[in-house]
Amino acid sequence: MKFTELKNFIAEGGGGVFLLQGDDEYFLSSGERMLKDAYLQNPELNFASFEGESLKGNALTKLTDALCVCPFMGEKRVVKVSGFYPSEADYERYLKDFFADFPSSALLIIVNRGAKKGACDLKRKHGVNYVDCGRADEETVTRWIYLTLKRAGVAADAETCMNIARWCLCSMARVSMEVKKITILKQGGGTLTGQEAEELVYKDADYRIYEMTDAVAAGNHSAFYRIADELVSKGTDTMALLNSLFSYFRNLCTISDSDLSDAQLAAALGIREYGVKRSREQARRMGSGRAAALCRSIYSAISSVKCGELSQDGAYKLVCAQIFFPAG
């Protein structure tokens, strides 16, 4: 199930084994909190926690024994395991039958930040309630922002909510903090305008780099320099700016030439899936040839700084000239 479905699943009485897996810290921590709030009473007596690395082979009996302890002055015994990646052999020997006849007085919360090569695929095992805690898409995050603001008495149109999602790169940890800040500043009422949102919400540095490169594609000199000046004023020196631009254009070239899916590319490049989708759009507008030429120019300028041939500011000015006044 998606994280957004967990609340209803709990309300309908779902229990047993829960696998919270994904790379969004907000979903992981919120999912754990929702389960504890729903099922855990007297945590000092009815809660136990394990690190998955310590549960291998015969040590898995510590987990099953903990789940078999009768709850005291509460309905459920809740056990949490972090980073739990049992092998297929260990699952078959110690967990398969136990999960099939899971004690009704217990609840197991498994919190994994990703899959692990060589481990069994817990999310496909019988009796495991898998909760997808991966990064949500733009539409889902936009809807969450809209509904959360609405519940707090703050009205906002779809475009404003979508911009907030984009500025935070659809990271729910960032989004939740920004929305909380907005509800506090709006004092639980009124309308959030697009201009107010732009003034209140901090734009992720990666998003600002995206805006810079988008300005390159559009040939918008003023937007490029305005964003660059803002980043420098907030502590980003020109060398860091060049490195960020080089990294972005290098990824842009890779993405434009690749047949892999957005998710596969995100994993390979170590960036967010949302960033891959946006980069694909940008690569189509800019053209792979232009992106490759800029990538080579920025790399050459960075190399010249490292060799002592150019100063950082000189290299930055040279790159800006090559971006907007290309030779030939």
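Trainee: So a crossover is right-handed if, with the strands pointing away from the viewer, the path from the first strand over the helix to the second runs clockwise. Which helix sits between β3 and β4 in a right-handed β-α-β unit?

Mentor: That's helix α5, residues 88-100. Helices here are DSSP runs of H or I with at least four residues, strands are runs of E with at least two, and both are numbered from the N terminus. Before we go on, this is a predicted model: local features need pLDDT of at least 70, side-chain atom pairs count only at pLDDT 80 or more, and totals for chains, interfaces and linings use all residues. Residues are numbered from 1 along each chain as its sequence is written, and side-chain values use heavy atoms, leaving out hydrogens and water.

Trainee: Got it. What about β2, helix α4 and β3, what do they make?

Mentor: Another right-handed β-α-β unit, with α4 covering residues 60-68.

Trainee: And how does β3 pair with β2?

Mentor: In the parallel sense, over 5 bridges, with β2 at residues 47-51; two strands pair if DSSP finds at least two bridges between them. Glu 51 stands opposite Ser 82 in β3. On to β4: it runs parallel to β3, joined by 6 bridges, and Arg 77 stands opposite Ala 106 there.

Trainee: Is β3 mostly covered or open?

Mentor: Mostly covered: 6 of its 6 residues, 77-82, are buried. Buried means under 20% relative accessible area, exposed over 50%, and partly exposed in between, using a 1.4 Å probe and protein chains only. Arg 77, Val 79 and Val 81 are buried on one side, and Val 78, Lys 80 and Ser 82 on the other.

Trainee: New topic. How many residues has the largest nonpolar core?

Mentor: 74, and Phe 224 and Phe 249 are among those with the most contacts inside it. Helix α12 (residues 238-257) gives the largest share, 9 residues. By definition, such a core is a set of buried Ala, Val, Leu, Ile, Met, Phe, Trp, Tyr and Cys residues joined through side-chain atoms within 4.5 Å. There's also a second, separate core of 24 residues, including Val 17 and Leu 60.

Trainee: What does Phe 224 touch?

Mentor: Leaving aside residues up to four places away in sequence, its partners include Met 212, Leu 245 and Phe 324. Contact means heavy atoms within 4.5 Å.

Trainee: How many aromatic pairs are there?

Mentor: The count is 9. Rings of Phe, Tyr and Trp (its six-membered ring) pair if their centres lie within 6.5 Å; planes under 30 degrees apart are stacked, over 60 edge-to-face, and the rest tilted. Phe 9 and Phe 18 are edge-to-face, 5.9 Å centre to centre with 80 degrees between the planes.

Trainee: Why does Phe 18 count as buried?

Mentor: Because its relative accessibility is 0%. Phe 9 is at 25%, so that one counts as partly exposed.
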